[in-house]
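Please report on the structure shown below. Cover local backbone features, helix packing, salt bridges and the contact between the chains.

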Amino acid sequence: MSRRARLALIVGSAIFQAWPAIRLARSPWRGEIAFRCAAQSELPGAPAAAVAPGRRDGFASPDSPGVSVHAGSIAELPDGTLAAAWYAGSREGAPDVRILMARRPAGPLADWGPPRELVSRESASRELGRHVRKVGNAVIFADDSGRLWLVYVTIAIGGWSGSSLNVKGSTDGGETWTPSRRLALSPFFNLSELVRSQPVPLEGGGFALPIYHENMAKFPEILWLAGPPGGALSWRKSRISWGRSFIQPAIAPLGPREAVALLRTCAGERAVGAARTSDACASWSPVRRLEGLPNPDAAVGAVALPGGRLLLAFNDSVSDRSNLKLAVSSDCGASWLRIATLEEEGGAEFSYPFMIRSRGGRIHLVYTWRRRRIRHVEFDDSWLEERVRAALGGQAR
Amino acid sequence: MIAWAFSFVFPMLLVLVLAQAAAARLGANLRSGRTALALAVFSLACVAAPVFPPVGLPLARVLAGSGLSASIPLLALVFSSVWEGFSGTRLLDDRATRASRVFGLACGLLLYPMAMGLGVADPYSLGWEFSPLWPAMWAVAAALIWKGNTFGLVLAACPLAREAGLLESPNLWDYLVDPFYVLASAVGLGSAALRRSREATPAHP
């Protein structure tokens with residue numbers, strides 16, 4: 001190759017290198033990222049439908065004896081319709097596990113409709129054009145335009161550590177869905193990325209979706225998603241922590257750039273982990289264990305409340321998932337007040353809480369109920385305040 | 001769609017390497033255009049036909065499902081080997097092969113331990129969008145091209161391949177390096193070092 005040809009190649013490649021730099025200006029991730037943490041009642045969408053005050057309990061999934069049901073998630077559409085997704089099959093990780101979805105129309109008397117199948121290993125394999133051995137955790141969420149998103153786990157080889165994430169979307173409230181799209185997130189065979197908790201919406205569109213890595217090391221991460229699931233989807237990934245101790249982050253935004261991540265521990269010292277960011281996830285404090293908040297190696301659910309408070313749903317035990325409680329923190333997670341016991345029965349399992357705060361300000365909590373059903377508990381601020389007062393009264397006594 | 005179609009290229013090249021070896025053993029003339037075409041068609045048929053009845057997926061997609069996604073340097077190395085078999089011309093000479101091995105091993109050692117959670121830094125995050133990784137990689141490519149090392153051209157092609165969306169991943173790292181490439185680089189460098197040390201050891205009288 002002549003000297004001139006080499007020079008031409010070097011200059012040519014330098015010019016081409018400039019293209020991604022120019023394109024960076026149009027990136028959805030350029031500029032200051034901010035969480036959308038305004039009171040949810042200020043979010044766009046139709047006015048919240050009338051609902052009964054206080055607390056309301058029900059089930060999002062029907063009772064199906066012999067079927068293992070787990071890992072529920074819930075989303076609210078702009079018209080107040082609720083959509084829940086979970087997985088069900090003969091057992092966790094079985095090839096017959098399917099991801100199901102049910103909807104509850106807006107209205108005080110409305111009840112959950114029958115579930116319908118969203119994803120099976122066959123449909124995932126067909127849509128992704130690759131072998132899928134089994135499907136797992138799924139998280140459903142909605143954007144302001146009413147589009148539903150589903151991010152779910154598929155496994156081609158091995159167990160959960162062989163997972164990868166996929167996304168699909170629906171613009172008609174879950175009637176029809178775009179084909180699944182695989183998200184390349186890890187340099188090592190794109191393995192070991194899982195999802196569990198609700199995303200944080202971002203100002204200007206997009207989501208920060210908590211995910212985690214679970215192969216060799218175990219650590220929490222964030223998947224940044226922007227654009228329609230069936231179109232020009234843009235994604236990237238960042239890290240909350242590293243090591244082998246904490247997974248399944250639940251992120252609660254406290255301000256446009258501030259958030260707390262509460263984490264499941266998988267280390268010997270069984271306590272809920274917590275990390276803070278004050279620059280919209282660009283950096284995180286080291287994860288610290290919350291004294292007095294035990295964790296039996298199980299997922300927690302968290303949501304931000306008005307006034308900078310945090311609401312946590314968790315298993316109050318170091319060894320089992322036989323209870324599910326609510327706790328509130330007014331100091332960014334430094335201290336917690338237990339306000340309610342939702343479930344408690346020795347030998348039973350109540351796990352994987354997932355919470356959202358609706359446009360009307362109600363909290364919707366779904367969780368695995370005895371591995372048979374997905375329980376849905378909703379309550380408003382008045383019920384919450386009453387519980388806080390009762391707990392404080394109990395403490396004072 | 002581009003990434004889906006491109007996922008057939010690496011498995012096809014691998015089958016071609018095996019087919020070339022088998023054909024050479026059977027005494028076929030690999031330099032003949034007809035043989036080359038026949039082997040290429042055979043290899044494409046091997047990876048494109050649905051060979052996995054329970055799922056009905058082509059072999060290439062079965063491999064893709066297992067996470068096998070070849071980086072551009074690995075593709076270039078295998079393509080160079082196939083090309084050499086058919087034409088006798090080496091696209092990547094010894095210098096380029098050595099440079100590719102050093103690059104592959106260095107990238108693997110830098111990327112994988114940290115990306116898999118060993119340490120707080122995550123170099124993989126540099127690959128999502130334009131970052132210092134781009135100019136750094138260009139500097140390496142430019143230096144190699146200036147020295148007349150053809151591996152520089154392979155490196156310069158990586159961001160091009162990313163812009164074209166040849167792989168599923170939008171991360172530049174996945175175009176630069178993959179686990180098989182790192183393993184092949186380590187084995188190649190190790191065996192070369194072993195060979196050199198054997199040559200340097202004087203033979204016993």
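A:Cys332 sits in the loop between β21 (323-329) and β22 (337-344) of chain A. Its phi is near 60 degrees, a positive value in a residue other than glycine. A:Asp297 also has a positive phi, about 60 degrees, and is not a glycine. A:Asp297 is found in the loop between β18 (288-294) and β19 (301-305) of chain A. Helices (H or I, at least four residues) and strands (E, at least two) are DSSP runs, numbered from the N terminus.

This is a predicted model: local features need pLDDT of at least 70, side-chain atom pairs count only at pLDDT 80 or more, and totals for chains, interfaces and linings use all residues. Residues are numbered from 1 along each chain as its sequence is written, chains are lettered from A and ligands numbered from 1 in the order in which they are written, and side-chain values use heavy atoms, with hydrogens and water left out.

**Chain B**

Chain B has ten helices and two strands. From the N terminus on, the order is α-α-α-β-β-α-α-α-α-α-α-α. Its C-alpha atoms fill a box of roughly 60 × 50 × 30 Å, taken along the principal axes.

Axes are lines fitted to C-alpha atoms, for helices over the stretch in contact, and angles run from 0 to 180 degrees between N-to-C directions.

| Helix pair | Axes come within | Crossing angle |
|---|---|---|
| α7(B) (residues 133-146) and α8(B) (residues 151-164) | 7 Å | roughly 145 degrees |
| α2(B) (residues 9-25) and α5(B) (residues 72-87) | 10 Å | roughly 35 degrees |

α7(B) passes α8(B) in a left-handed crossing. A crossing is left-handed if the near helix is turned anticlockwise from the far one by less than a right angle, and right-handed if clockwise. On α7(B), the contact residues include B:Trp134, B:Met137 and B:Leu144. On α8(B), they include B:Phe151, B:Leu155 and B:Arg162. Contact means heavy atoms within 4.5 Å. By class, this contact has twelve nonpolar residues, one polar and one charged. Ala, Val, Leu, Ile, Met, Phe, Trp, Tyr, Cys and Pro count as nonpolar, Asp, Glu, Lys and Arg as charged, and the others, Gly among them, as polar.

The crossing of α2(B) and α5(B) is left-handed. Among the residues that meet are B:Phe10, B:Leu13 and B:Val17 in α2(B), and B:Leu75, B:Phe79 and B:Phe86 in α5(B). The classes are twelve nonpolar, three polar and no charged residues.

**Salt bridges**

The structure holds 33 salt bridges over all chains. A salt bridge is a side-chain nitrogen of Lys or Arg within 4 Å of a carboxyl oxygen of Asp or Glu. One of them joins the side chains of A:Arg371 and A:Glu92 (2.8 Å, N to O). This pair links distant parts of the chain, 279 residues apart. A:Arg371 is in the loop between β24 (363-369) and β25 (373-379), and A:Glu92 in the loop between β3 (82-89) and β4 (98-104).

**Where the chains meet**

How many residues does each chain bring to the contact? Chain A brings 41 residues and chain B brings 45 residues. The area buried between them is about 4,000 Å², and carbon and sulfur atoms give 65% of that area. Buried area is the accessible area (1.4 Å probe) that two parts lose on being put together, summed over both.

Three salt bridges run between chain A and chain B. One of these pairs A:Arg182 with B:Glu168 (3.1 Å, N to O). Elements of chain A that each supply at least two residues to the side touching chain B include α1 (3-23), α2 (121-128) and β12 (207-215). α1(A) gives the most, with 13 residues. That side of chain A has 23 nonpolar, ten polar and eight charged residues.
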